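Hi there,

Here is the structure I promised to pass on. My notes on what turned up in it follow just below.

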Amino acid sequence: MAVDMSDAIVRGAALLGAGVCMGLGAIGPGIGEGFAAGKACEAVSRRPEEYSTLFRTMLVGQAVTESTGIYALVIAFLLYGVGK
Amino acid sequence: MLEDLNVANMAAYFGAALAMGIGGIGSGFGIGYAGVGATRAMALQPHQRSSLFRGMLISQAVASNPSIFALVIAFILYNIGGEKLPAPDSIALAAAYIGAALSVGFGAIGSGIGNGQVAAAAMEAIGRNPSQSGRITILMLVGQAMGQTPVLFCLVISLMLCYVEVHLHSNLALAAAYIGAGLSIGLGAIGSGWGNGISAGGAMEGVARNPEQTNKLSIMMVVGQAMGQTPVLFSLVISFMLIYGTADFARYTSPEQVMHGLRMLGIGLGMGLAAIGPGIGSGFTGEALCVGIADTPEISQKLNNAYFVGTGVAQSTAIYGFVVSLILFSI
């Protein structure tokens, strides 16, 4: 397929944007979820009898933290749809 | 215009500066951390001054390793810059040299800081429990060695980019692919290198708190560091694909080269940046696991469960980055 220069720049920028969007969007959830899991380990070691509550709370907290990562994934797919 | 310039030689010289300049950041921080840890420990245990001083120097020597890798690449690029290259006007070759510099430069940041954090934690642990200084020193060296795996991956990719065989000299897409390969592994190694240092620091603290659990702690330290290196392995795969998956770029017309070049940069940046967060996050989890095992060894099974599930979830965003990069690659 033949593309002219302006079309190529727009589509290339969308694809670059998809990558950068997913990359930057993954930093926060990655650090945050690891931090949450670390605090959960700390709490389990302090109060082992509350293990199941702590484990559940950790997973819910991580799932909520994950939401911004999923937003980035959705936007990356939208941009991919523009550029492909 | 560009044909009259020796862009490849210029890029090699610039890359030498870039590699050493960026590559020195991490070890600078790390060596400083080691000094901070040793000074704090000396304040607690003034009579252990000489052994702490010795330990500080050993740990600082290891923590300066990542910047030595950057120095090696800087020397190689400096030599290439002075050579008479077969294609001095090659944009792709110039990009490969810049990519090599970015790879080892960024890669040295994480491992340098991480190694310093292990060293600082080890010195403070010796200050807290001087009777365990032998065990702590050995564990520190193991933790630092593991923490240098990410920068070794970067060194491999940098060497491949320094001696890459280019056939499409003026192809912009190929040039961008080489820069993307360097960015993917370089940025990706920041997270894993740093995170490995944080989790090994927890093991040092654990040995000082509960020396009887040294065996379990050393195993969990290495397991935690291995888990923390999953993101950088994704980055390594993407970097290899960007270097070797470029055979059919000759068919691109010049507007298509611009589009696919931006796509290649997107792939590299996407995977590289996405690996930073999960790598650091895994480190926090590993640190808490080691401290928890030292405090309450009787529930280590529960701690392991929480650790593995927690780290697995924390790495999901690195997997998203990997998937997005693979999809972008397959267009």
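**Cysteines and the chain interface**

C154(B) is buried, at a relative accessible area of 0% (buried means under 20%, exposed over 50% and partly exposed in between, with a 1.4 Å probe and protein chains only). Its sulfur lies 13 Å from the closest cysteine sulfur, that of C162(B), which is too far for a bond. C41(A) is likewise buried, with a relative accessible area of 0%, and its sulfur is 9.6 Å from the closest one, in C290(B), again too far for a bond. Over all chains the count is 0 disulfides, a disulfide being two cysteine sulfur atoms within 2.5 Å.

A word on conventions: this is a predicted model, where local features need pLDDT of at least 70 and side-chain atom pairs count only at pLDDT 80 or more, while totals for chains, interfaces and linings use all residues. Residues are numbered from 1 along each chain as its sequence is written, chains are lettered from A and ligands numbered from 1 in the order written, and side-chain values use heavy atoms, without hydrogens and water.

Now for the interface. In chain B, 43 residues are in contact with 46 residues of chain A (heavy atoms within 4.5 Å). Together the two chains bury about 3,600 Å², 80% of it on carbon and sulfur atoms; this is the accessible area (1.4 Å probe) lost on putting them together, summed over both.

Best wishes
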